[in-house]
Amino acid sequence: MIIRFFAFISLCWFLGFGWFAIALPQPADDTRTDAVVVLTGAPGRIDRGLDVVRKKWSPRLFVSGVDSEVKRGEFAAQYKVEDRLMQCCVMLGLKAVDTRSNGLETARWVAKNKVESIRLVTTDWHMRRARLELERALPDNVTILSDGVPSRPTLRTLFKEYHKLLARWIGAMIDM
C-alpha cells in the first residue's frame, strides 16, 4: 500500500513537472488593461512592459521590485525611456525583494490607483508563481492578464521554479 502511494505521488510529480516545463505561458495579445505590472528579474521583462505602454495597450506601467538605490533618471537612461513617458506613465516600486513581496507591493499600488485590470509581465517560467502571489494579494475584482516573456530556461531553473510553485500551492492550501 505504501509503495503504491509513493508511486502515485511520483507519477503526479513527474506529470506535473512535464506540464510545467512544456506548457510555459505565452505572450498575451493586444488586449487592453488599466495598467501593466512588471516584476523585475530576468532580461526582457521591463522592455516588454515599456513596449505594451508605447503600443497603448495599457496607459501606465508599474515596475515592482526595483532596487531602492535606482533613481528614476538612471532607470530612464538604462531603458531609453523618453521623459514624457517617464513622467506620465512609469512608476517604480522600491519595496519588493521577492515574488511574494511583489504581490503585496503591487496590491498596494493597485488599490491606491483604483486599477481594475492588469497585464502581468514576467518571464514565462516565473508566470505561474507570480500570478499565484498576485491572485492571493489582489481583491477578487481585479482582472489579471498573463503576458509571459519567452525565455530559454535551463532544466535547473525549471526544476527550482516548479518546486517553489508547489511549495506556494501547498502553503496557500494550508492558509485557507
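Student: Where do Trp13 and Phe17 lie?
Tutor: Both lie in helix α1, four residues apart, about one turn of the helix. Helices here are DSSP runs of H or I with at least four residues, strands are E runs of at least two, and both are numbered from the N terminus. Some ground rules: this is a predicted model, local features need pLDDT of at least 70, side-chain atom pairs count only at pLDDT 80 or more, and totals for chains, interfaces and linings use all residues. Residues are numbered from 1 along each chain as its sequence is written, and side-chain values use heavy atoms, with hydrogens and water left out.

Student: Why would four places apart matter in a helix?
Tutor: An α-helix has 3.6 residues a turn, so residues three or four places apart point the same way.

Student: What kind of aromatic pair do Trp13 and Phe17 form?
Tutor: A stacked one, at 5.5 Å centre to centre with 5° between the planes. Rings of Phe, Tyr and Trp (its six-membered ring) pair if their centres lie within 6.5 Å; planes under 30 degrees apart are stacked, over 60 edge-to-face, and the rest tilted.

Student: Is Phe17 buried or exposed?
Tutor: Phe17 is buried, with a relative accessible area of 12%. Trp13 is partly exposed at 30%. The classes are buried under 20% relative accessible area, exposed over 50%, and partly exposed in between (1.4 Å probe, protein chains only).

Student: And what about Phe17 with Phe159, why is that pair edge-to-face?
Tutor: Their ring centres are 6.3 Å apart and the planes are at 70°, so the pair counts as edge-to-face. This pair links distant parts of the chain: Phe17 is in helix α1, Phe159 is in helix α7, and 142 residues separate them. Phe159 is partly exposed, at 41% relative accessibility.

Student: Which residues make up the aromatic cluster?
Tutor: Trp13, Phe17, Phe20, Phe159 and Tyr162 form one cluster. A search of the whole structure gives nine aromatic pairs.

Student: On to α7. How many residues does it have?
Tutor: Helix α7 runs over residues 155-175, which is 21 residues. From first C-alpha to last it reaches 30 Å, close to the 30 Å expected at 1.5 Å a residue. The expected span is 1.5 Å times one less than the number of residues.

Student: Which α7 residues are buried, and what covers them?
Tutor: The buried ones are Leu158, Glu161, Tyr162, Leu165, Arg168, Gly171 and Ala172. Their cover includes α1 (2-22), α5 (99-112) and α6 (127-137).

Student: Switching to Glu105. What is the nearest side chain of opposite charge?
Tutor: Arg108, at 5.4 Å. Glu105 is buried yet has no salt bridge. A salt bridge needs a side-chain nitrogen of Lys or Arg within 4 Å of a carboxyl oxygen of Asp or Glu. For charge, Lys and Arg count as positive, Asp and Glu as negative, and His and the chain ends are not counted.

Student: Which residues is Glu105 in contact with?
Tutor: Leaving aside neighbours within four places in sequence, its contacts are Phe62, Ser64, Gly65, Gly93, Leu94, Lys95 and Ala96. Contact means heavy atoms within 4.5 Å. Glu105 itself is in helix α5.

Student: Cores next. How many residues are in the largest nonpolar core?
Tutor: It has 20, and those with the most contacts inside it are Leu61, Phe75, Val81 and Val90. A nonpolar core is a set of buried Ala, Val, Leu, Ile, Met, Phe, Trp, Tyr and Cys residues joined through side-chain atoms within 4.5 Å.

Student: Which elements give two or more residues to this core?
Tutor: β1 (35-39), α2 (45-54), β2, α3, α4 (83-89) and β3 (90-93). Helix α2 gives the most, with four residues. A second, separate core has 16 residues, including Leu39, Val115, Leu134 and Val142.

Student: Where is Leu120, and is it buried or exposed?
Tutor: Leu120 is in strand β4 (residues 117-123). At 0% relative accessibility, Leu120 is buried.

Student: Last one: what is phi at Lys56?
Tutor: Positive, about 65°, although Lys56 is not a glycine. Lys56 lies in the loop between α2 and β2, and is exposed at 62%.
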